[in-house]
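Open the model in your viewer and keep the selection tool ready. Each stop below says what to select and what is there.

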Amino acid sequence: MISLIIKWLFTSNPIKKFRAELDLMFWGTSHCKIIRKYFQRRIFYVYNCDISHVAEIHPSVMFPHPCGIVIGSQAKIEENCRIYHQVTLGGNFDSTNNMPQIKRGSLIGSGAKLLGGITIGENCIIGANAIVTKNVGNDITVIGFNKKSPSIIKVLNK
């Protein structure tokens with residue numbers, strides 16, 4: 001805990017500062033409600049990000065531009081992922097309200113929306129402003145948006 005606070009206080013790099021604030025929020029979830037609430041509100045008001053304190057986000061996940069990110073309570077993000085600004089990981093309003101699971105090494109481009117109980121495979125790239133509501137396999141790049149017509153979603157193998 002002390003090392004997290006020192007890291008947060010003495011860094012001027014916004015990427016590292018945001019990550020330290022996230023770590024302090026997650027630490028506060030199980031140890032101190034006041035610290036959790038303070039950092040959750042700070043993340044909301046300073047960065048305009050709405051990140052649930054019960055979401056599972058690995059400590060190695062990077063947020064290069066931490067602005068306007070929304071991550072729901074049931075979202076799971078594994079190690080070495082990168083999430084850019086204006087990304088939404090949320091439910092699709094069904095009865096279970098399942099949320100996305102992102103496997104290791106994936107990159108989520110700015111403005112992407114990942115909705116529902118989907119799984120994004122390892123080492124995937126989700127393009128900017130993509131809307132994804134279906135599962136994506138490993139090592140795949142997804143651009144555009146998907147509806148019922150398969151011609152709208154464009155999946156490119158690496």
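**Stop 1: a buried ring**

Select Phe 18. This residue is buried, with a relative accessible area of 0%. Keep in mind that you are looking at a predicted model.

How do the rings of Phe 18 and Phe 63 sit relative to each other? Their centres are 5.3 Å apart and their planes stand at 75 degrees, so the pair is edge-to-face. Check where each partner comes from. Phe 18 belongs to helix H2 (residues 14-31), while Phe 63 is in the loop between strand S2 (56-57) and strand S3 (70-71). The pair therefore ties together parts that are 45 residues apart in sequence.

Ring pairs link Phe 18, Tyr 47 and Phe 63 into a cluster.

**Stop 2: another ring pair**

Select Phe 44 and Tyr 45. They form an aromatic pair that is edge-to-face, with 5.1 Å centre to centre and 85 degrees between the planes. Is Tyr 45 buried or exposed? Tyr 45 counts as exposed, at 66% relative accessibility. Phe 44 is partly exposed, at 37%. The model has four aromatic pairs in total.

**Stop 3: helix H3**

Select residues 33-47, which make up helix H3. This helix has 15 residues and reaches 21 Å from its first C-alpha to its last, close to the 21 Å expected.

Which residues of H3 are buried? They are Ile 35, Arg 36, Phe 39, Gln 40, Ile 43 and Tyr 47. Colour them and look down the axis. They cover an arc of only 125 degrees, which puts them on the same side of H3. Here is a general rule to compare with that view. An α-helix has 3.6 residues a turn, so residues three or four places apart point the same way.

Turn to the face away from the buried side. There you find the exposed residues Lys 33, Ile 34 and Tyr 45. Step past the end of H3 to Asn 48, whose phi is positive, near 60 degrees.

**Stop 4: the sheet**

Show the strands. Five of them form an open sheet in the order S1-S3-S6-S9-S12, with parallel pairing. The edge strands are S1 (50-51) and S12 (131-132), and each pairs on one side only.

Zoom in on S9 (residues 113-115). S9 and S12 pair in the parallel sense over two bridges. Leu 114 stands opposite Val 132 in S12.

**Stop 5: the nonpolar core**

Which residues have the most contacts inside the largest nonpolar core? They are Ile 71 and Leu 114, in a core of 40 residues. H1, H2, H3 and strand S13 (140-144) each give two or more residues to this core. The largest share, six residues, comes from H2.

**Stop 6: a loop residue**

Finish at Gln 86. Gln 86 sits in the loop between strand S5 (82-83) and strand S6 (88-90). Gln 86 counts as partly exposed, at 39% relative accessibility. Leaving aside neighbours within four places in sequence, its contacts include Cys 67, Ile 69, Gly 111 and Lys 113.

Notes:
Residues numbered from 1 in each chain as written. Predicted model: local features only at pLDDT ≥ 70, side-chain atom pairs only at ≥ 80, totals over all residues. Heavy atoms only, no water. Pairing = 2+ DSSP bridges. Helix = DSSP H or I, 4+ residues; strand = E, 2+ residues; numbered from the N terminus. Phe/Tyr/Trp six-rings, centres within 6.5 Å; stacked < 30°, edge-to-face > 60°. Buried < 20%, exposed > 50% of the residue type's maximum accessible area, 1.4 Å probe, protein only. Expected span 1.5 Å × (residues − 1). Arc of directions from axis to C-beta. Contact = heavy atoms within 4.5 Å. Core = buried A, V, L, I, M, F, W, Y, C linked by side-chain atoms within 4.5 Å.
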